[in-house]
Amino acid sequence: MTAPIPTSQTILVVGGGISGLTVALEAAECGKQVILVEKLPTLGGRTALLYRYFPKLCHPVCGLEINLRRLKGNRNVRVLTMAEVVSITGTRGDYTATLRISPRHVTAQCTACGDCAKAVSAEIPNPYNYGLNQMKAAYLPHAMAYPQRYVVDPSIVGTPDGEKARAACKVGAIDLDMKEEIIELKVGAVAWATGWQPYDAAKIQPYGYDRFANVVTSVEFERMCDPHGPTGGKILRPFDGEPATNIAFIQCAGSRDENHLRHCSRICCMASLKQTQYVREAYGEGGKSTIYYIDIRAIDRFEDFYRKVLQDPTVRFVKSKVARIAQDDKTGGLILHGVDTEGYHRYEAPHDLVVLAVGMEPSVKGADIPAEVIADSSGFLEGSSGGGIFGAGCASGALDVNRSVQQATATALRAIQVVNKAAAAEVAR
Amino acid sequence: MSAVGEMKTAAYICRGCGIGERLNTKQMAMVAQKEGKMKVVREHDFLCDASGVQMIRDDIANEAVTHVMIAACSRRAKTEAFNFQDVPMARANIREGVIWSQPEGAAAQEVTQDMADDYVRMGCAEVKKMKLPAGAPVASQNRRVLVVGGGMSGLTAALESAEAGFEAVIVEKQGALGGWAAQLWKRAPFRSPYTDPVDTGVAELVAKVTNHPRIEVHLNATLAQTSGAPGAFTVQVATESGATTALEVGAIIQATGFTTYDIAKLPELGGGQHPNVVDQAGLEALVIAAARQGVPVKRPSDGGEVRSVVFLQCAGQRDDSGKHLPYCSGHCCNTSIKQAMYFKDANPAIDTVVLYTDLRTPGMGEDFYRSGQTKGVTFTKGLASGVAAAGNSCTVQFRDFILDEDTSIEADLVVLATGQVPNSGVNIDIPEDQQPAVKPISILNLTYRQGKDLPQLKDGLTDSHFICFPYETRRTGIYAAGPVRRPMDIAQATEDATGAALKAIQAVENAALGRAAHPRSGDLSYPIVPLEGCTQCKRCTVECPFGAIDEDEKRFPLFNESRCRRCGTCMGACPVRVISFENYSPDTVGSQIKAIDMPDEFSEKPRILVLACENDAYPALDMAGMQRNVYSAFVRVIPVRCLGSVNTVWITDALNGGWDGVMMLGCKHGDDYQCHFVKGSELAGYRMSKVDDTLKQMGLETERVASYEVAITDIARAPQLINEYVAKIQEIGMSPMKGFA
């Protein structure tokens, strides 16, 4: 890719998940120059960490492959990974973005042959599996990682392991002296697509996420069910590694709660409905899923999927906000306490594993965005006072993948409008 | 440069990433030169490095090399380095496809080298048949965006297109702009604070559109005909008087919205039975009428003041009986909260009850829900079984789920929250003789061979099938937006229309350059069809998943390149093989099949041809290599654009040439299909079912051709399938055709 020279007609896209990729590609395929900035070493974002999508139960990396091919074939997009925005100043059509680029310690010469990983013995928690397993400290984030280039973790720089990695690389791609860089770019419009993060489940004290091994989050459960995940696709109780067949899904874990997230995170109902089908896939009629819910929000055509799960005899629905969870310290088994509000029956329900359908919060909350932006009470981006910075995807609201892409496509046009006007103004001058 | 038209081929063999240690690259170079007839052959220790890339560039510049074959890593890797825009290029996958998928060690050495040599032969054969795509820009291109429908979605689409510098035309069936939104008193809030109903903004939007220098509006108008292709559509706009005007446009947005579900179909809930039972649209009308007179909302039955209102959610929707709408319309919970607030804000003493099964206020809608509770709206979880209305009062019978009892409630007014029925025109998938008695009126009146309107996904909705690609359309350059696509509220429709405007603009830009739209974005190749060979069998026109091919007056296929998505389904369909792309043709693949060194029948080295979808199966095999998942060295994999592009001639050529088996790896088909070209894998399955007869005629076992569904995540399974298939072929034995090749 030839690096386009950033100008007031360049669109800066912050975040390389599916929303950022969409803004970048849709704008670039309209002929616009784009700089796509990603904090992590690879594009793909959170959807690349999902086993399957609802409601089709198809694989997210299928769409990622298409998007990466679009990217590889398009000269209008310049990708910067391991890069974070430090500040954005200026006005609509004329912004200056300052970026901090962290050292990858691996140059573009890397062929992704994997020799460095073989040479290194140090391991670090694998963030692509939410820390559920370890990976080598010289790594390719995952099989679909783009750029297809290894990363040397800073923890082994200056250690014998670092030297081993360098020595193992036949093409001399490892540069342990690589330093952090600060760069400045001129851009006309900004799409802020930094996505979402799961709400910190430990803050929901009655559910004991920080105390009970068998309480996991929905995103962790997603990795657990993926054959390429930390358990090889086996649904296990972290307490003892035994199969978990009686699983509780607790909806609105953090969401719709003024003590935590005041908004509804939209995706969690569908995600849990989907995950009950993972349990069915793993255990057939032998698995048991129970969904504790307030309202099942299977909006629009998703109703079909809800109806299908309702008919599944392995899935039970209890309208209840679970009050608290207790653990049997000997077995690690969990007892859920609460009241079934349909008829007001108290229950003490035993389960092997509890999956908290954790809420979605913006990865970077409005107040933490280093630019003049307008955000709502949950920190989702509504826009900017100057009108040239736009929220895209889950940075703009609690959205599912389909709506994120829809919204990101709209954002691409808004950014194009800004740079087209900047271009027209330049011509007029 | 050499003389025009003179081909000079070059092969570059990389020794990096272990290729040099594992394989005899000198031998591969020899194969390229002797058998591949490459004019220039070079080896390099690290081909993707700057020096390697420069070497190739220099050969193109100084040695007049016109065709490049690179034997290194997969075509999916190092795309930035191997990016030579001005020459056709083939990539022999020696790294992921050979050394990473084959075990190390002397025992495997011979078959691994065989594999690499064959891939070099195949790469050389392929590149010689490739041409650089010229692109077919639309000659008389038009950049204007046509928007069908002047409601919130249509107005937004037109305005956003115009604000990006494009001209837009709105064709609206009614006599005024604004659509349903103009019939609303207020709308639910769509930005902070989410507390109160807000102005619809329709009047302002209509004014902006009406006064915009780049927007033209046709009222009381419909489309009598739509023909052409992206960049060059011609539409006949018909007005009530019967006069038509021709317009040239570049892309089309269909924002034809919805009709409210007919409440007369809900007599058990009082729909159509009593004036005091209305739908949400009916309530808006009552509120507007009252506001105009400056009086409280009146009871329709007698004009008395409304003191109590019950809202019944999901009326005639989320229905599993097959009688009503199966889906949820998404907006109705917020709409009922908004409408309850109309009353509470005017007079807190008015009783408002929302009866629901699941209250659906996603995102910040939760704040609006909370605000409703604060204002005293009662939310009751329950399901209405009937509404009896007499005189001026209605009685709602319902099951209260919380109290777990059947009970009833009295109200002056009952509002049925009914759903959206998309205005999507004719369902082109239903044969003419099975269309409903009251035939739907076509919206677009397309002259396309494959029907008048956009294909419908489900329940009349013209939505995309793809989660990652909501704007994927099966009619290139025509995009659905708003509730016609999927049930939605105003906020989402506004986003949707803006996104559709982008896609429309993109379609115009693509057409001007002759580029393909998603998923082969930017592809300049297009189907080239010398008609002298065509037998007018019509398979291509029928099977094109995108309706890109019409028939001309002499009944020959008429290709519309800017409608084409370059999947090659037509190429796969053509029995006389006259359809080809410059860089992908019966020949580019066929020559590879013929190029390999076929071992004799006593060698115990069977050869299995694997035709793998480049979107899913091929990446899965690449990743299998990256994870060193070993598979049989007897296979030779050729990526195809889609299994739909597989012409049966490749199969018969392979079998006649002594190949022992053919495996086709494509995407899932059926209702939840994964094929990016809609039905390519399904068509391939259908075509291959006919291959059995051919096999029998040839005296071959039917197992020698097999199809499998493979997902991109089948990194372990795909190699396993290959190994199982090879074992099966070994069991059957070597092909008897070998001696005759």
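How many residues of domain 4 of chain B are in contact with domain 5 of chain B, and how many does domain 5 of chain B bring? I looked this up and several other things.

**Ground rules.** I worked on a predicted model, in which local features need pLDDT of at least 70, side-chain atom pairs count only at pLDDT 80 or more, and totals for chains, interfaces and linings use all residues. Residues are numbered from 1 along each chain as its sequence is written, while chains are lettered from A and ligands numbered from 1 in the order in which they are written.

**Domains 4 and 5 of chain B.** I counted 8 residues of domain 4 of chain B in contact with 12 residues of domain 5 of chain B. Contact here puts the C-beta atoms, placed from the backbone, within 7 Å. Helix H13 (residues 569-573) of chain B gives the largest share of the domain 4 side, 3 residues. By class, I found 3 nonpolar, 3 polar and 2 charged residues on that domain 4 side. Ala, Val, Leu, Ile, Met, Phe, Trp, Tyr, Cys and Pro count as nonpolar, Asp, Glu, Lys and Arg as charged, and the others, Gly among them, as polar. The centres of domain 4 and domain 5 of chain B, taken over C-alpha atoms, are 26 Å apart.

I then noted the domain assignment of chain B: domain 1 (1-134), domain 2 (145-257 + 423-513), domain 3 (263-420), domain 4 (531-573) and domain 5 (598-741). These bounds come from an automatic or database domain assignment.

**Chain B overall.** I found 19 helices and 27 strands in chain B. Helices (H or I, at least four residues) and strands (E, at least two) are DSSP runs, numbered from the N terminus. The C-alpha trace of chain B spans about 95 × 60 × 55 Å along its principal axes. Of its 741 residues, 58% are buried. A residue is buried with 20 or more other C-beta atoms within 10 Å of its own, exposed with 12 or fewer, and partly exposed in between; C-beta atoms are placed from the backbone.

**A sheet in chain B.** I traced an open sheet of 5 strands with parallel pairing, in the order S7-S6-S5-S11-S21. Strands pair if DSSP finds at least two bridges between them. Strand S7 (215-218) and strand S21 (478-480) of chain B are at the edges with a single partner strand each, so one side of each has no neighbour in the sheet. The twist averages 20° from one strand to the next. Strand S11 (residues 251-254) of chain B runs parallel to S21(B), joined by 3 bridges. In S21(B), B:Tyr479 is the bridge partner of B:Ile253.

Helix H11 (residues 490-513) of chain B lies across strand S5 (145-148), S11 and S21 of chain B, at about 160° to S11(B). Axes are lines fitted to C-alpha atoms, for helices over the stretch in contact, and angles run from 0 to 180 degrees between N-to-C directions.

**Strand S27 of chain B.** Strand S26 (residues 661-666) of chain B pairs with S27(B) in the parallel sense over 5 bridges.

**Chain A against chain B.** I counted 61 residues of chain A in contact with 69 residues of chain B. H8(A) gives the most to the chain A side, with 13 residues.

Technical notes: Contact = placed C-beta atoms within 7 Å.
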